[in-house]
Amino acid sequence: MEKIFTVRLSENQAAVEIIDQTLLPNEIKYLKLRTAEEIFEAISELRVRGAPAIGIAAGFGMYVLAQKIPFEDSVEFHAELSRLGNFLISSRPTAVNLSYAVKRMLNAANGKDKSFALPMLYEECTKIYDEDRAMCRAISENGLTLVKDGDGILTHCNAGSLAASEYGTGLGTLLLGKEKGYNFRVYSDETRPLLQGARLTSFELNHAGIDVTLICDSAASMLMKQGKISACFVGCDRVAANGDTANKIGTRSVAVNAKYHNIPFYVFCPSSTIDFGCKTGADIVIEERSGDEIKTKFFERPTAEAGVNCWNPAFDVTDAELITAIVTERGICRYPYTESLRELFGE
């Protein structure tokens, strides 16, 4: 089956290349992003999505854009690069990896003329990508210690290689496990409103040869009651210092149901997603998207009347006490996360 890549720097280093995830699973199409507006649009419209993948795209994007800045002087060059970085950050306010990557790129160029800054920016964006690959592998290995062959796993949203550089986070354990001979039974929530579980997770797992069954979000509780779910795997876009976690809308419902049925609920995330400057989930900005994603997107005809109001938050926040463990590349943290996260990431 064709090897799919999510995001990379073009061979001539003049563009960010991505797979357009809005067209999956019906069409596999790659885009070349060359301008700030194209990168912004790709992120905001979820053509590239998933916290790690957004960070990688932003890192490559900053390097691509830096090459086109007409100023050589360090002050003017950095001012324009900062403006472009802030513009990219505004495309998705919730995912911390976006601002994390932009800030890393700005720090790499700080105080340098353009000719000196460009090699440093190339090195930094390449590091962001390579670090993500190593992180995905480590998270996946750590996750394998929590499951056994034959387990039934419930997923929500998409946190596989389409959301990162390689294995991904929330799906990485399943993909790596398949390579090592594990046989999982995966139940993929369709994940409203953008159907990323249906369009992306089931697509990705099916392509990897993993036994995957697509279910409506509202069916998850019944599967838990029937004893078919051994664990729940989700990724995340931001983890607060107390362990509250922002992820695709509906994640909290999965966690509440898992708690009731005594099923482990695992959050998989890279250290870059942990925001110690954010005390609790109440401080996380929740992105609200167009109601058309509920009423008209993916449908030939509207599913509700034009005058019907919609509330369409992209994320919800899962309370720390509902999370069995947070799986990172450095190790596994458990409640209370105010202590375990600090112990693992003390610096």
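Tyr187 stands opposite Thr213, a residue of strand S6. This is a predicted model: local features need pLDDT of at least 70, side-chain atom pairs count only at pLDDT 80 or more, and totals for chains, interfaces and linings use all residues. Residues are numbered from 1 along each chain as its sequence is written, and side-chain values use heavy atoms, with hydrogens and water left out. Helices (H or I, at least four residues) and strands (E, at least two) are DSSP runs, numbered from the N terminus.

Strand S5 (residues 185–189) runs parallel to S6, and five bridges join them. Both belong to an open sheet of seven strands, ordered S6-S5-S4-S7-S10-S13-S14. Its pairing is mixed. Two strands pair if DSSP finds at least two bridges between them. Strand S6 (211–215) and strand S14 (332–333) are the edges, each pairing on one side only. Helix H9 (residues 251–260) packs on this sheet. H9 touches strand S4 (152–155), S5, strand S7 (231–234) and strand S10 (265–268). Contact means heavy atoms within 4.5 Å. The direction of H9 makes about 145° with that of S10. Axes are lines fitted to C-alpha atoms, for helices over the stretch in contact, and angles run from 0 to 180 degrees between N-to-C directions.

## Four-stranded sheet

Another open sheet has four strands in the order S11-S8-S9-S12, again with mixed pairing. Strand S11 (274–275) and strand S12 (315–318) are its edge strands, and each pairs on one side only. Strand S8 (residues 238–240) pairs with S11 in the parallel sense, over two bridges. Ala240 has Asp275 of S11 as its bridge partner.

## Strands S2 and S3

S2 and S3 run antiparallel and are joined by four bridges. Glu17 has its bridge partner in S3, namely Lys32. Side chains alternate along S3. Leu31 and Leu33 point to one face and are buried. Buried means under 20% relative accessible area, exposed over 50%, and partly exposed in between (1.4 Å probe, protein chains only).

## Nonpolar cores

The largest nonpolar core has 40 residues. Such a core is a set of buried Ala, Val, Leu, Ile, Met, Phe, Trp, Tyr and Cys residues joined through side-chain atoms within 4.5 Å. Val16, Ile18, Phe77, Leu81 and Leu121 touch the most other members. The elements giving two or more residues are strand S1 (7–9), strand S2 (16–19), strand S3 (30–33), helix H1 (36–44), helix H2 (51–67), helix H3 (74–89), helix H4 (96–109) and H5. H2 gives the most, with eleven residues. A second, separate core of 27 residues includes Val254, Ile326, Cys333 and Tyr337.

Not counting residues up to four places away in sequence, Val16 touches Val7, Arg8, Leu31, Lys32, Leu33, Ile39, Ala57, Phe60, Gly61 and Val64.

## Helices H5 and H6

Helix H5 (residues 114–144) and helix H6 (residues 172–179) have axes that come within 8 Å and cross at roughly 80°. That makes H5 roughly perpendicular to H6. Angles of 65 to 115 degrees count as roughly perpendicular, under 35 as roughly parallel, over 145 as roughly antiparallel and the rest as oblique. From H5, Arg137, Ile139, Ser140, Glu141, Gly143 and Leu144 meet Gly172, Thr173, Leu176 and Gly177 of H6. By class, this contact has three nonpolar, five polar and two charged residues. Ala, Val, Leu, Ile, Met, Phe, Trp, Tyr, Cys and Pro count as nonpolar, Asp, Glu, Lys and Arg as charged, and the others, Gly among them, as polar.

Gly172 is placed in H6. Gly172 counts as buried because its relative accessibility is 0%. Leaving aside neighbours within four places in sequence, Gly172 is in contact with Ser140, Ala159 and Tyr167. Gly172 and Asn107 are 65 residues apart in sequence and 30 Å apart in space, C-alpha to C-alpha.

## Backbone exceptions

Most residues other than glycine have a negative phi, and most peptide bonds are trans. The peptide bond from Arg192 to Pro193 is cis, with omega near 0°. Pro193 lies in the loop between S5 and helix H7 (196–207). The bond from Tyr335 to Pro336 is also cis, with omega near 0°. Pro336 sits in the loop between S14 and helix H11 (337–344).

Leu195 is in the loop between S5 and H7. Its phi is positive, near 55°. Leu195 is buried, at 12% relative accessible area. Gln13, in the loop between S1 and S2, has a positive phi of about 65°. Gln13 is partly exposed, with a relative accessible area of 25%.
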